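Here's a quick briefing for anyone meeting this protein for the first time. Have a look at the sequence and the model, then read on.

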Amino acid sequence: MSVVLKDVLAVVAPRLRAHGYKGSGQNYRLADENAVSVLNFQKSSGGERFYVNVGVQPLFVPTEGESTPDAKKIKEPECIFRTRLKPPQNLMAGWPYSVDLAEQLAANFDDLFATFVQPLMTIPGPVTEASVGDFDEQTGHPLLGARHACNFLHFARISLARGNTERAAEFSQAAIDICPERASTLLHHLKDVIARASL
């Protein structure tokens, strides 16, 4: 009998719930008063493999799509922090439908939860304490992402929401310095943060 995603989830879902995630099928959420984590099992277009997408969204700043986050409805692509659970190195991209590998998937997620989800959901923590200097010119930050204008906007908004106006202005100006002129909407949001930080 061929293995389907439901068979894999029968092994993995109890481990997700042990971390506090709620949900069923392909979507699971974990939320507290400050942040939400969304986990999605995405079937590949060919149907032979699947991907495990994981997102974290602070609830006090806009989503990637500029909407107000709703912990009960937000989807993984809307989160400002996103990653994908990597399969074993000897496999191609994506996880095969295998009950034998389901336990390894669950163990890999345990590690990802400790190194990615938990730190990003800890408020105050790495997300609220980050500064521009934490982002390497070439590699960015291993947990917090790349040194890009859009990412710096997220951190400017986080700093502003937490009352650190100086850091909010610093992130905004650093973003403006590297933002393409054609990105007029992004520049507008960055200048808005600077204006609000100066009030």
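## Getting your bearings

Take the contacts in the protein between residues at least 6 apart in sequence: 53% of them join residues at least 24 apart (contact means heavy atoms within 4.5 Å). Keep in mind that this is a predicted model, where local features need pLDDT of at least 70, side-chain atom pairs count only at pLDDT 80 or more, and totals for chains, interfaces and linings use all residues. Residues are numbered from 1 along each chain as its sequence is written, and side-chain values use heavy atoms, with hydrogens and water left out.

**The overall picture**

- The protein has six helices and six strands; these are DSSP runs numbered from the N terminus, with helices being H or I of at least four residues and strands E of at least two.
- Reading along the sequence gives you the pattern α-β-β-β-β-β-β-α-α-α-α-α.
- The C-alpha trace spans about 65 × 30 × 25 Å along its principal axes.
- Of the 199 residues, 46% count as buried (under 20% relative accessible area, using a 1.4 Å probe and protein chains only).

- β1 (residues 22-24) and β2 run antiparallel and are joined by three bridges; for two strands to pair, DSSP has to find at least two bridges between them.
- β1 and β2 make a hairpin with two residues between them, and Gly25 in the turn has a positive phi of about 60°.
- On to β3 (residues 35-43): five bridges join β2 to β3, and the two run antiparallel.
- Arg29 has Val38 of β3 as its bridge partner, and a hairpin through three residues joins β2 to β3.
- In a regular strand the side chains alternate between the two faces of the sheet.

**Helices α4 and α6**

- The axes of α4 (residues 149-161) and α6 (residues 184-197) come within 10 Å and cross at roughly 25°; axes are lines fitted to C-alpha atoms over the stretch in contact, and angles run from 0 to 180 degrees between N-to-C directions.
- That makes α4 and α6 roughly parallel to each other (the label for angles under 35 degrees).
- On the α4 side, the contact residues include Leu153, Ala156 and Leu160, and on the α6 side they include Leu186, Leu190 and Val193.

Notes: Parallel < 35°, antiparallel > 145°, perpendicular 65-115°, else oblique. Buried < 20%, exposed > 50% of the residue type's maximum accessible area, 1.4 Å probe, protein only.
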